[in-house]
Amino acid sequence: MTVHVLETEGQVCPFPLVEAKRAIAGIPSGDQLRIDFDCTQATDSLPRWAADEGYPVTAFDRTGDASWTITVQKP
């Protein structure tokens with residue numbers, strides 16, 4: 001299993017979600033996508049998108065005052 005990293009710090013919503021959708025489409029099943037972001041709205045939109053699409057969230061951590069990382073697995 002490979003963890004692919006998507007850096008979206010500095011991007012305003014909805015771009016972290018748009019980029020995540022594009023990135024996960026290009027990775028093999030079983031791999032994970034780690035999305036680093038600093039858009040507060042994405043703390044809701046990214047987990048909701050993962051749940052809606054059936055992507056398990058394997059990690060979701062706050063990494064700073066206004067930054068987070070979420071890791072989802074492509075089934």
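Visitor: How many disulfides does the structure hold?

Guide: A disulfide is a pair of cysteine sulfur atoms within 2.5 Å. The structure holds 1 disulfide, which joins Cys13 to Cys39 with an S to S distance of 1.8 Å. The pair links distant parts of the chain, 26 residues apart: Cys13 is in the loop between β1 (3-7) and α1 (15-25), and Cys39 is in the loop between β2 (32-37) and α2. Helices (H or I, at least four residues) and strands (E, at least two) are DSSP runs, numbered from the N terminus.

This is a predicted model, in which local features need pLDDT of at least 70, side-chain atom pairs count only at pLDDT 80 or more, and totals for chains, interfaces and linings use all residues. Residues are numbered from 1 along each chain as its sequence is written, and side-chain values use heavy atoms, with hydrogens and water left out.

Visitor: Why is the disulfide of Cys13 and Cys39 left-handed?

Guide: The disulfide is left-handed because the torsion about the S-S bond is about -130°.

Visitor: Is Cys39 buried or exposed?

Guide: Buried means under 20% relative accessible area, exposed over 50%, and partly exposed in between (1.4 Å probe, protein chains only). Cys39 counts as buried because its relative accessibility is 8%. Glu53, in contrast, has a relative accessible area of 47%, so Glu53 is partly exposed.

Visitor: Where does Glu53 lie?

Guide: Glu53 lies in helix α2, residues 42-53. Its C-alpha atom is separated by 22 Å from that of Val12, 41 residues apart along the chain.
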